[in-house]
Every structure is written in C-alpha cells, then in structure tokens.
Amino acid sequence: MQARMSRRAFLSGAAAMSTVGTAGIAAAVEGKSAQPAAGKLPARGEFVIRGAYVMTMDPTVGDIARGDVHVKAGAIVAVGADLKAAGAQVIDGRGTIVLPGFVDTHWHMWNTLLRSMAGDKRELGYFPTVATLGKVFTPDDMYQGTRLSAAEALSSGFTFVHDWCHNVRGPDFAVANLRALKESGLRGRFSYGTPQAHPPTETIDLVDFERLGRDWKSHANGGLLDLGLAWRGMGAAPAPIPPEVYRKEFDTARAAGLPISVHVANLRSRAGQVDALAKANLLGKDVQVIHAIWITPEEIQSLAAAGSSVSLSPYTELRIGFGFPRTGELLAGGVTVGLSVDTTVLSGNADMFAIMKAIQNVENSQTENEFKLPARRVLELATIEGARSMGVADRVGSLKPGKRADLIMVSTRDVNIGVFTDPAHTLVEAAQPSNVDTVVVDGRILKRRGKLTAFDTGRVVGEASAALTAVRKRGNWW
Ligand SMILES: [Zn+2]
C-alpha cells in the first residue's frame, strides 16, 4: 500500500517535472508547489522583492525601511529603494522583514529521525539512545532523517546547514545523506564522521573519505555543498582516542585542504581539552570547535590566536545539562562565534529564533545586565558571523550585490509578531518559524507563502515515520 502510494506520488511528480521552467518559477513565486515529489528543485528565476523592511546585515548599507532586493540567476543584483528591475517578477514585500537566511554551524541531521527521543533515565538518555539506534540505521534511514531535517531547516528559515554526520557506517551512508541535502537545495557543509559506537582505536574509513573528496564535484550540487571532517578529537576518559588515530584523521583532512570540526569541553570533566589541542598544534582557521563551555580565559586566547571558530547550541547545552554557553567572553576575546541546532533529539525542533533568544537571555541573565548582548548582535551571530565561521561569508550571510541570493522573508502581520516595532528585537524575541513566509537559497524559491516548494511535507514525515518504526524494531527499542 505504502509503496503503491509512493509510486503514484512519484509518477505525478515526474509528470509535473516536465512543465518546470518558467512555469516552475511562476508557481514558486505564487506559492504553489511546482513539484509535489522531492528531488527536483525549482529553477533560479529573476525576481524583485518590493517594499520590505530590508536588514542587509552589512554595516556599510544597514537597514532600508522600504527596500527592494533584486535577484537574478542565483545572485543579488541590487539592494535599495525603488530599484529598476524591468522584466523581473515582483514579489510584494510589504508587511515582511527581509534578511539573510540563517546559518546553522553544527547539526547531526541524520538523527532528526529520533526527534525528542532522549528520555528521562540514564539508560534512555541522549548518548545511549543515539548509539543504540544509530547502529541499526540503514543508508535509507540516514536519507530519511536528513531529508526530514532539511525540510525543517528550510521551513524554519535556514539557508545553510553544517551536517555533522557522525554515523557514516559505510560509503552508502554518506552518499544517502548527501542525496537528501542535494534534493533540498540547501547550501551547506557535509562533515564526514565516525559511525556511532566506533572503537576509539580505529580511524574513520580514510580511503572512503579521501575518495569522496576526490569525487566531490559529483556531490557538490553545483557548488552549494562542501566537505569537511567531523573529527572525534582526542576523545576523553574512559575512551581516549590514541594519538596515532586522531593525528591520522586530522592530517588526512588538513592535507586535503578540508575543514575540521570537533566537540570540546562540553562537560566540566572535559576541561582542558582546548588547551590540549592548542599544545598539540591542532587548532587553526580550518578548525571549528563546538560547545567549548568549560574553558579558561587562556584557552579563549588560544582559540582567538589560532583563528578557530566556536559553534554554540544553547538549546542542547541547556537541555542536556552541559552548562551555559560562554558567548560574551568568546566575543570579547575576538573569537568568531556561530549558532547551531546540534540535535533535535534533545532540542525538539530546529528554531533559530528560539536559539537566538536563548543565547541572548542566558548571557544577559548570567551577567545580570539587560543590555549585555544586543538583539542586533545576536542576529549577526545567526547570519553573517555564522557564515564567517563556516568560511562562506564572501558568498552569503549579508544582502549585498554580487553575493549569492540566500535570504528569507519574515511576516510581521501574524498575531504573535504584530505590531511592527524594532525589527531586531522583533526577530529575536517575537518571531517563530511559522512567520517565515519565503526562503530563497542561491536564487531558488524553496518556501513561498509559508509552504515548501520542493517538498511534499506530508510524504517526508510519513516516510520518516515508517523508517523510524523499522529502526525501533531492529534496535529492539519499544
Ligand atoms: Zn553536536
């Protein structure tokens, strides 16, 4: 039954595909789904958003109260007031804030299949749940989890994701995961990591990792995706990673010019990990560290000196009890900071508005200072600073002629967000994913009038649910 339904949906999608082209763009602009089946993206069009409150997040341009954004062939042509854009389709921007799309800096997308499954007892906590069920995932389960994540990302206003894939159980697993990213149209990085429950004495499959790097062009989705290493680092007691293992992984990535990302000092018992990396010469501009909660002022200096960025994920850090993100101290120390989802097994959803609000509120509360982390600064972390931390700020993260067109339109007319007052405070404090009206990635309109244009969301959730049922059965997890 399920298979027959899917086949029918697939066939109607295939029929619709033949009419894609100008009609597809028009349908996307109108907010109608051009393709009911996932896998075929709308064409890049030429359009101009008119009369929006435009937050460019570029300090030289600033905000434009009644602004236009002209997009053509995936790039931003112009940003300003009353732009001339003859022939471009017009999108009415009145009643919306237009800003750069959100940049996620670390997200275990595959395990969205296990959303909200971290339980209330030690044996049902996040780590045992993900390790036990991760072991019985198939490549298709990886695809289903990542596709569900990708659909949620677009729906919530993310245009860039860092897919931190720590369950590559074989070459097919990476490929399945990448297929989901490719079909979504998102920009992002895929970081190749160890399978769940991998022995600390073994490296990742370096041959497969290097092969993927060599063949990357066939996975890059026209330059939207790049490759990195999801590195375990030095590990920690009771399972430290031997130097010959962590060095080999690190050196392979660095020799190939691939960025490296590692979780550090997330627990009090793991204090000193940044210092250990610094002493071993394992920091650098190509190294992103995640959490970095239990760090000293000297370690913040090491990160800044090395040019390593930090990814903070307040919702998972709070939920699992790691501690409080050190946002203010990192920023004061000159470290580039990006925000992240981490995992919806813990956070429940992928909501950058909530993440921004949490990062601000924790910082202000801890410093007993209403004015410590301004709303606009938080918005920078979610956009341009996130892009800087992922090495893509030359292409995205702000709205500027010549940059790629990654942007969102947030409605200011819904009951939870009207009336329109201060736009930065409104976005950080009042907005939620349901207010995201339109999402554009690389000039493709992937959400319009609140609906995804390249996904049948009912089918995405339905197929993911079926996959999870089978995973629970195989993992004997009821
Ligand atoms: Zn993580």
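Two strands are paired when DSSP finds at least two bridges between them. Helices (H or I, at least four residues) and strands (E, at least two) are DSSP runs, numbered from the N terminus. The model shown is predicted: local features need pLDDT of at least 70, side-chain atom pairs count only at pLDDT 80 or more, and totals for chains, interfaces and linings use all residues. Residue numbers start from 1 along each chain as its sequence is written.

**Stop 1: the sheet**

Select strands β8 (residues 187-193) and β9 (residues 225-231), which run parallel and are joined by six bridges. Within this pair, Arg 189 has Asp 226 of β9 as its bridge partner. Now extend the selection to the open sheet of eight strands, ordered β6-β7-β8-β9-β12-β13-β14-β15, with parallel pairing. The edges are β6 (102-103) and β15 (337-339); each has a single partner strand, so one side of each is left without a neighbour in the sheet.

**Stop 2: the two domains**

Colour domain 1 (2-100 + 399-459) and domain 2 (102-389) separately; these bounds come from an automatic or database domain assignment. Their C-alpha centres lie 27 Å apart. Across the boundary, 27 residues of domain 1 are in contact with 25 residues of domain 2, contact meaning that the C-beta atoms, placed from the backbone, lie within 7 Å.

The largest share, five residues, comes from α16. By class, this side of domain 1 has 18 nonpolar, four polar and five charged residues. Here Ala, Val, Leu, Ile, Met, Phe, Trp, Tyr, Cys and Pro count as nonpolar, Asp, Glu, Lys and Arg as charged, and the others, Gly among them, as polar.

**Stop 3**

Axes are lines fitted to C-alpha atoms, for helices over the stretch in contact, and angles run from 0 to 180 degrees between N-to-C directions. Angles under 35 degrees count as roughly parallel, over 145 as roughly antiparallel, 65 to 115 as roughly perpendicular and the rest as oblique.

To display the contact, show Ala 375, Arg 376, Val 378 and Leu 379 of α14 together with Ala 424, His 425, Leu 427 and Val 428 of α16. This contact has six nonpolar, one polar and one charged residues.

**Stop 4: α13 against α14**

Met 352, Met 356, Ile 359 and Gln 360 in α13 meet Ala 375, Val 378, Leu 379, Leu 381 and Ala 382 in α14. The contact of α13 with α14 divides into eight nonpolar, one polar and no charged residues.

**Stop 5: α4 against α17**

Finally, select helix α4 (residues 139-156) and helix α17 (residues 457-474), whose axes come within 9 Å and cross at roughly 140 degrees. That angle makes α4 oblique to α17. Contact residues of α4 include Asp 140, Arg 147 and Leu 148, and those of α17 include Val 460, Glu 463 and Val 471. By class, the contact of α4 with α17 has seven nonpolar, three polar and four charged residues.

Technical notes. Contact = placed C-beta atoms within 7 Å.
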